[in-house]
Amino acid sequence: MKKILACSMAAVMAAAVLTGCAGGGAPASTQAPAKEAPKETAAGGSEAADQGSGDLTGELAVMVNNAFTGMEDPAILRAAKAFEEAHPGVSITVEGLSGKELISKYTTSAMAGSGPDVVALDNSGWPIDLAAMGLIIPLDEQIAASGNDYLQGPLESGMYEGSYYSVPWYFNNTGLYYNKRILEEIGKSEAPATWEELEEDIKLATEKGYAGISTRLDGYAVFNMFMAAGNPVIDTSGDRPVVTVNDESGKEAFHFWTGLHTKYHAFPEGMKDASDWATAYTTFVSDDCLFFICGDWAYKNIETGNPDMEFGLAPMPKGKVNAVCLGGYNLAVNSNSASQELAWEFVRYLTSKECDYVMTEQGRIPGRTDVDYEPIIAMNPSYQVFIDEAEYTVPRPRVKNAASVDEKVCDAFKKVFFDQTTAEDALNVLEQELNDFINENY
């Protein structure tokens, strides 16, 4: 029998601090012109809202990350109004909170038997923790009947014990930002497409006195190294999670990335102090670092951080496979909700094609396969990189207390980067720590 989730509330709250930027950070790039709510039907509602079941009535409370509420005329409020007009007996309130406040407030209220009916959750582990605590409901039947073709990677981020407990709202993933001036200086005209090319470029850049590559040392960045080697870190496909981090593919990944430090001192010194993305940007916008690993939100921050620097964006270089780490937010329904049918209908509506504008007006990428990406590309053509990576975007290990896994994996990398131990020893310790973690939680 699986153990009850220990210290679950503390673990979920810690996730708000330990996750990388799975949909956080500043709103992405330039905002597009505001779009009207979905086209009205003869009945006076919207096309998507009218597709729901019968005569929905009731009050609905929705809690989302404040990136969607902190601007003039928020699109999510227009969507809520369209839903209300389609269902005159429905009243919706939307509350926007920062990530840390959101997960803390939701967890506290849901454990007390209340809380909002619908909640937006960072897909880096929050859905799994809340599902294990019984605070959100499984949605398998609703998803199957919804007609919404969700992207598999984002959808799987909400899977717990064989059931889906959330659906993708929007997703992001990592790309390789590069300094065009330095790339040209080392004699290259294109960003690297493979690990071998990446290492060659970093070697050439460091020989000229530049830093080779930078990022923030958190799971959002570090998990990429294992995923591109085809290693899940923790395999959750069976009844019990299995640690794989020290398998051959894990060793290959860890030794490759730590080798960029031991062989070339590729990482800028400032990366050691980059405890948040705002600090991490400075290691790249200083104009003396060739590469930077980050998600879509970095683009605007780099532009404003150094308007004179010419930079580009490319897909993450391929290791054994093409794979990048998933970020973003999912939507879930509170198990305490007295209006679960209504809550699901609003979730289905918000994640339907007709509500894509809620996300695309901010440059967010909806988590379905049938999205019209034109508004996003019109805002920033470089975002095609993230769209193209969608098919091989992979969620982090779907385990309880996932924030603890993030911390352990990053600490192993830091031990080598800070010259405290060898890569082999760090990986051996990490394997033992993760096995202990599984024994404690399962």
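Guide: Two strands pair if DSSP finds at least two bridges between them. Helices (H or I, at least four residues) and strands (E, at least two) are DSSP runs, numbered from the N terminus. This is a predicted model, in which local features need pLDDT of at least 70 and side-chain atom pairs count only at pLDDT 80 or more, while totals for chains, interfaces and linings use all residues. Residues are numbered from 1 along each chain as its sequence is written, and side-chain values use heavy atoms, with hydrogens and water left out.

Visitor: How many bridges join E1 to E3?

Guide: Strand E1 spans residues 57–65, and strand E3 spans residues 118–122. The two strands run parallel, and Met63 has Val119 of E3 as its bridge partner. The number of bridges joining E1 to E3 is two.

Visitor: Through which helix does the chain cross from E1 to E2?

Guide: E1 and strand E2 (residues 89–97) are paired in the parallel sense over nine bridges, and Glu59 has Ser91 as its partner in E2. The β-α-β crossover between them is right-handed: with the strands pointing away from the viewer, the path from the first strand over the helix to the second runs clockwise. The helix on this path, residues 75–86, is H2.

Visitor: At what angle do H8 and H10 pack?

Guide: The axes of helix H8 (residues 195–207) and helix H10 (residues 248–264) are 10 Å apart; axes are lines fitted to C-alpha atoms, for helices over the stretch in contact (heavy atoms within 4.5 Å), and angles run from 0 to 180 degrees between N-to-C directions. H8 is roughly parallel to H10, because the angle falls under 35 degrees. Residues that meet include Trp195, Leu198 and Ile202 of H8, and Phe256, Trp257 and Leu260 of H10. The packing angle is about 10°.

Visitor: How many residues of helix H9 are buried?

Guide: Helix H9 covers residues 219–227 and is largely enclosed by the rest of the structure. Its buried residues include Tyr220, Phe223, Asn224 and Phe226. The count for H9 is nine of the nine.

Visitor: Which residues of helix H12 are buried?

Guide: Helix H12 spans residues 298–305. What covers its buried residues includes strand E7 (175–179), helix H11 (277–285), strand E11 (289–294) and strand E12 (311–315). The buried residues of H12 are Ala298, Tyr299, Asn301 and Ile302.

Methods. Buried means under 20% relative accessible area, exposed over 50%, partly exposed in between (1.4 Å probe, protein chains only). Angles under 35 degrees count as roughly parallel, over 145 as roughly antiparallel, 65 to 115 as roughly perpendicular and the rest as oblique.
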